[in-house]
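Please keep the sequence and the coordinates in view while reading.

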Amino acid sequence: MTGKAEARLNLSKATVLLLQNNQAELDILGQVFIGFGVKAIRKCLTVGEAEDCIRSGVVFDLLVVDCDMPGHAGFDFVMRLRRMEDSENRLAPIMLVSGHTVPSSIARARDCGANFVVAKPITPKTMFDRVMWLAREERQFVVTDTYAGPDRRHKTFGPPAGTKGRRHDDVSAKLGKAVGPDMSQSDIDAMFNPKKASL
Amino acid sequence: MKPGNTFKYENRLAKSVVTRGGMSASEALTAATRAVEEIREPTIAEIDANLAEIYTLGDELKAGGVFEETALQKMYICSNRVVAMGGVFGLGELGQAAYSLCELVSRFQTLERFQWSMIQVHLDGLRLLRNPGEHAAAIREEVLAGLRQVATSVN
């Protein structure tokens, strides 16, 4: 029996930026990524250090940013980064990590442009699952006057019934009447049952 | 307002998912757990330092007997650190108690009032859950349920 091969993670060539607001948490996160085989890790304790790393020209494959920085600095850092049109890093996957989150911060976390938020404590299992999830991320990037980041809709259900939608590729969830001839059963079978071509 | 711009882009992390080479989930978790274990002692010391500061701030709040924003904010920060670190080294319940204290303090800050007895019961809970092996699981769960009830009762 040939099952689907288990997905493996090769982060040996990945470059990761970690921004945490205290040394102990930064060390935990750093050790997790060392265990995952990452060799290039930039560890930052302040937004200033992180911005210096971004400006240095290094292209990061993943950023992990603390939600618990004083004065919501982590969210603001992500928002600024997503608007840096001259930096490749604006499109990098960004994971926010959060301990206790006050209600006023929840909307900021959603709207700052991060790919998603992970609750602390960050254990190896949690981080592995989330990195895998991020690596398979296929959402489009959205830039508007008020938001820059991955599409906040994880699933596309189309615009609400009765509305036209705001995007050029918005398709209504309501099906219209058929406009052409039905496909024959053999056409349908051919789509679902491909055969090897004999050359 | 300008129309939004939506586009596909290359996910640089995608190339890290491979079928050959690299690490399987179990290999990565074993290696990462071993790496994290190397910093167990300093991290536990850091947890204890934050707990000590929480208890000292508790003494200050008790002595003052009034809403004190600075002390509460420091207590929130220290508790949040315990939330982040506790669960990594088998002190998950301590982390949950610290989370409840964060919730309580956050609600006090919003309402600009304060009740010492509610803080005190959380500090007692933290002391108890710092050594989980000394108490039965049912007792620990009951303590946590009580703390959550106290924190969410503040409206």
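## Interface and architecture

In this predicted model, 46 residues of chain B are in contact with 46 residues of chain A, two residues being in contact if their C-beta atoms, placed from the backbone, lie within 7 Å. On the side of chain B that touches chain A, the elements giving two or more residues are β1 (5-7), β2, α1 (25-37), α2 (40-64), α3 (69-86) and α4 (92-111) of chain B, and the largest share, nine residues, comes from α1(B). Helices (H or I, at least four residues) and strands (E, at least two) are DSSP runs, numbered from the N terminus. By residue class, that side of chain B divides into 22 nonpolar, 16 polar and eight charged residues, where Ala, Val, Leu, Ile, Met, Phe, Trp, Tyr, Cys and Pro count as nonpolar, Asp, Glu, Lys and Arg as charged, and the others, Gly among them, as polar.

The two chains also pair through strands: strand β7 (residues 141-143) of chain A and β1(B) run antiparallel and are linked by three bridges, a pair being called when DSSP finds at least two bridges between two strands. Within this pairing, A:Val142 stands opposite B:Thr6 in β1(B). For the complex, the predictor gives an ipTM of 0.91 and a pTM of 0.84.

Residues are numbered from 1 along each chain as its sequence is written, while chains are lettered from A, and ligands numbered from 1, in the order in which they are written. Local features are reported at pLDDT of at least 70 and side-chain atom pairs at pLDDT 80 or more, whereas totals for chains, interfaces and linings use all residues.

Chain B has six helices and two strands, which follow one another along the sequence in the pattern β-β-α-α-α-α-α-α. Its radius of gyration, taken over C-alpha atoms, is 21 Å, well over the 15 Å that the globule rule gives for 155 residues, so chain B is more spread out than a compact globule; the rule is 2.2 Å times the number of residues to the power 0.38. The C-alpha trace of chain B spans about 60 × 55 × 30 Å along its principal axes. The mean pLDDT of chain B is 94, with 99% of its residues at 70 or more, pLDDT being the predictor's confidence in each residue on a scale from 0 to 100.

Chain A has six helices and eight strands, and its pattern along the sequence reads β-β-α-β-α-β-α-β-α-β-α-β-β-α. Strand β2 (residues 15-19) of chain A runs parallel to strand β3 (residues 40-44) of chain A and is joined to it by five bridges. Between them the chain passes through helix α1 (residues 23-35) of chain A, and this β-α-β crossover is right-handed, meaning that, with the strands pointing away from the viewer, the path from the first strand over the helix to the second runs clockwise. In β3(A), A:Cys44 is the bridge partner of A:Leu19.

Of the 199 residues of chain A, 35% count as buried, and of the 155 residues of chain B, 37% do. A residue is buried if 20 or more other C-beta atoms lie within 10 Å of its own, exposed if 12 or fewer, and partly exposed in between.

| Residue | C-beta neighbours within 10 Å | Class |
|---|---|---|
| A:His72 | 16 | partly exposed |
| B:Glu112 | 8 | exposed |

A:Val59 is found in the loop between α2 (47-55) and β4 (62-66) of chain A. Leaving aside its neighbours within four places in sequence, A:Val59 is in contact with A:Thr15, A:Glu88 and A:Asn89. A:His72, in the loop between β4 and α3 (73-82) of chain A, has a positive phi, near 60°, although this residue is not glycine. B:Glu112, in the loop between α4 and α5 of chain B, likewise has a positive phi, near 55°. Finally, a cis peptide bond with omega of about 5° joins A:Lys120 and A:Pro121.
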